[in-house]
Amino acid sequence: MANDPELARYSAQMDEAQRDIDRAKDRLQRAKQDRDALRSTLDGVRARIDDLKRSVANEREAARYCSQNHDRISAQNHRYNADGFKRVLDDQYAIKNSYAEQMSRYRAEVDAARAELDAAKARKQQAREAFQARLAQLRAQKAERDAKWREKPCAICGQTLRYNVDWTHIPSVHRECRERQKAERDARWREKPCAICGQALRYNVDWTHIPNVHRECRERAAAERAARSARA
Ligand SMILES: [Zn+2]
Ligand SMILES: [Zn+2]
């Protein structure tokens, strides 16, 4: 099961997707850091703009107050100051606009990194599901194969004999038991020379009567004796 090529392929796909996930996480983290850093810079610019707007309003208010009180010199100074703050304020607006443009690029990078991460996670999930499906399939196949193996007692020794129901010939005894039994049977057969013809005479030690001559030899000898006594 461990060396199934399909299973190994899904496992490799999971590893590859995990590497993609790690890469996308790094990218997302960097993009978020850039975005957050710019966000705090932008917050600083906004705070400066608010201060400058207040300063411009204060100086204009002071200029109005002074000219109502006919203090033209002070009124002129306040207008001069207000114009100065207004120029700095305009610069800050320009800075804010360029940062806002950069901010939209950073946000797009965060979105792209997040999309890459989601896609890698989806690939890993897909590979994991395929892996698990294949594993379940292999387990079912193994269970099916295992179910075809049966056991029964050996007709000779009585010990467990394993066999597969798909075999064309289902044995009833162990091969070793059959061979041992045959060797024992063969050992019970002996040979000795026939008392009449001298040729080999096969016999089994288990026979109750062990012959000394071939049956044909004995019959031939009996026929010859009968012929001789008939002639006499
Ligand atoms: Zn046996
Ligand atoms: Zn003989």
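**Briefing: a pair of helices in a predicted model**

Helix α1 passes helix α2 in a left-handed crossing. The model is predicted. The protein has four helices and four strands, and an automatic or database assignment divides the chain into domain 1 (5-147), domain 2 (148-187) and domain 3 (190-232).

**The helix pair**

- Two packed helices are described by the angle between their axes and the distance between the axes.
- Helix α1 covers residues 5-68 and helix α2 covers residues 72-147.
- The axes of α1 and α2 come within 5 Å, and they cross at roughly 165 degrees.
- Angles over 145 degrees count as roughly antiparallel, and α1 and α2 are therefore roughly antiparallel to each other.
- Sorted by class, the contact of α1 with α2 has 36 nonpolar residues, eleven polar residues and 25 charged residues.

**The loop between α1 and α2**

- H70 is placed in the loop between α1 and α2.
- The phi angle of H70 is near 60 degrees, which is a positive value in a residue other than glycine.
- A residue with 12 or fewer other C-beta atoms within 10 Å counts as exposed, and H70 is exposed because 8 other C-beta atoms lie within 10 Å.

**A residue in α1**

- R19 is found in helix α1.
- R19 has 11 C-beta neighbours inside 10 Å, so R19 counts as exposed.
- From C-alpha to C-alpha, R19 and R134 are 22 Å apart in space, while in sequence they are 115 residues apart.

**Order of elements and domains**

- Starting at the N terminus, the elements of the protein run α-α-β-β-α-β-β-α.
- The C-alpha centres of domain 1 and domain 2 lie 77 Å apart.

**Overall shape**

- Taken along the principal axes, the C-alpha atoms of the protein fill a box of roughly 190 × 25 × 20 Å.
- The radius of gyration of the protein is 54 Å, whereas a compact globule of 232 residues would have one near 17 Å.
- Of the 232 residues of the protein, 5% count as buried.
- To count as buried, a residue needs 20 or more other C-beta atoms within 10 Å of its own.

Key: Residues are numbered from 1 along each chain as its sequence is written. Chains are lettered from A and ligands numbered from 1 in the order in which they are written. This is a predicted model: local features need pLDDT of at least 70, side-chain atom pairs count only at pLDDT 80 or more; totals for chains, interfaces and linings use all residues. Axes are lines fitted to C-alpha atoms, for helices over the stretch in contact, and angles run from 0 to 180 degrees between N-to-C directions. Helices (H or I, at least four residues) and strands (E, at least two) are DSSP runs, numbered from the N terminus. Angles under 35 degrees count as roughly parallel, over 145 as roughly antiparallel, 65 to 115 as roughly perpendicular and the rest as oblique. A crossing is left-handed if the near helix is turned anticlockwise from the far one by less than a right angle, and right-handed if clockwise. Ala, Val, Leu, Ile, Met, Phe, Trp, Tyr, Cys and Pro count as nonpolar, Asp, Glu, Lys and Arg as charged, and the others, Gly among them, as polar. The radius of gyration is taken over C-alpha atoms; the globule rule is 2.2 Å times the number of residues to the power 0.38.
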